[in-house]
Amino acid sequence: MKKLFLTLYTLTGWLIIGIIVLSISLFFVVESPSTVLSLVKTSLKEQGIYYGEIEGGLLSGFVLKDVNYQDKVKAKEVRLKVDLKQLENRVLYIDNVIVDNVEVEQNFLASFIDINSTEDVNKSSEKVDLPFDRVIVNNADISLHNTRYQTYYVDDAKLHIDKLDTDMEEKHKGKVTFFLKSNITQLNLHAEFKNKTYKLHAN
């Protein structure tokens with residue numbers, strides 16, 4: 001059970017990082033994005049990322065539908081709205097992010113987890129040069145389904161993040177709701193945290 005929870009925790013963390021990377025990649029998408037979107041779509045294709053449709057822009061929020069990364073990670077829909085003005089203060093402010101019906105291919109997930117679990121501690125502590133020092137996620141909803149890892153099978157998992165504020169080092173605060181339905185257990189977890197202090201309620 002603990003290993004399953006940690007696996008989902010790791011995967012969710014990387015999904016959030018992926019959304020942050022995606023938002024930076026789409027930094028120059030504005031309200032009339034037809035030409036820029038074409039260039040972005042070409043760039044994403046070069047990375048093996050395909051999608052059926054894209055709407056909107058970063059100022060109003062955008063939607064990617066039927067996202068597919070090399071048939072290894074799929075999502076029915078990705079919604080993202082970022083406050084670009086906050087980047088002037090080196091703050092990545094994600095007003096809203098929704099990643100709906102994520103499905104991860106079994107072998108890819110196993111390889112991904114194995115690689116990250118065996119990383120050298122020094123490498124994992126290396127600081128990456130990012131254009132921001134603080135990340136704020138006002139609202140995030142991520143759902144995962146039909147995903148298998150070893151003997152674990154996740155029918156449905158839903159993560160809700162409310163007012164996450166982190167410097168990605170020592171200061172963190174926010175609220176999290178996590179629902180899990182798997183072949184091992186069913187879990188409904190509510191958590192509130194500030195730095196190293198946590199309040200948990202599960203049933």
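I paired rings of Phe, Tyr and Trp (its six-membered ring) if their centres lie within 6.5 Å; planes under 30 degrees apart count as stacked, over 60 as edge-to-face and the rest as tilted. The model is predicted, so I note that local features need pLDDT of at least 70 and side-chain atom pairs pLDDT 80 or more, while totals for chains, interfaces and linings use all residues. Residues are numbered from 1 along each chain as its sequence is written, and side-chain values use heavy atoms, with hydrogens and water left out.

Entry: aromatic pairs.
I searched the whole structure and got 2 aromatic pairs. Y69 and F108 make an edge-to-face pair, with 6.2 Å from centre to centre and 65° between the planes. Helices (H or I, at least four residues) and strands (E, at least two) are DSSP runs, numbered from the N terminus.

For accessibility I took buried as under 20% relative accessible area, exposed as over 50% and partly exposed as in between (1.4 Å probe, protein chains only). Y69 is partly exposed at 28%, and F108 is also partly exposed, at 25%. F193 and Y198 have ring centres 6.2 Å apart and planes at 35°, so I logged their pair as tilted. F193 is buried, with a relative accessible area of 16%, whereas Y198 is exposed at 54%.

Entry: strands around β9.
I count two strands as paired if DSSP finds at least two bridges between them. Strand β8 (residues 172–182) runs antiparallel to β9, and 9 bridges join them. One position I checked is T177, which stands opposite H190 in β9. β8 and β9 form a hairpin with 3 residues between them.

On its other listed pairing, β9 meets strand β10 (residues 197–202) in the antiparallel sense over 6 bridges. Here L189 stands opposite A202 in β10. This hairpin has 2 residues between its strands, and N195 in the turn has a positive phi of about 55°.

Which residues of β9 make up its covered face? I read off L187, L189, A191 and F193 for strand β9 (residues 186–194). The uncovered face holds Q186, N188, H190, E192 and K194. F193, on the covered face, is the buried ring of the tilted pair.

Entry: strands around β3.
Strand β1 (residues 49–50) is joined to β3 by 2 bridges, and the two run antiparallel. The bridge partner of Y50 in β3 is N68. β3 and β4 also run antiparallel, with 7 bridges, and K65 stands opposite E77 in β4. Their hairpin has 3 residues between the strands.

Entry: positive phi.
I looked up Q70, which is in the loop between β3 (61–69) and β4 (73–83). Its phi is near 50°, a positive value in a residue other than glycine. Q70 is partly exposed, with a relative accessible area of 39%.

Where does K163 lie? I found K163 in strand β7 (residues 152–166). Phi of K163 is near 55°, again positive in a residue other than glycine. K163 counts as exposed at 53% relative accessibility.
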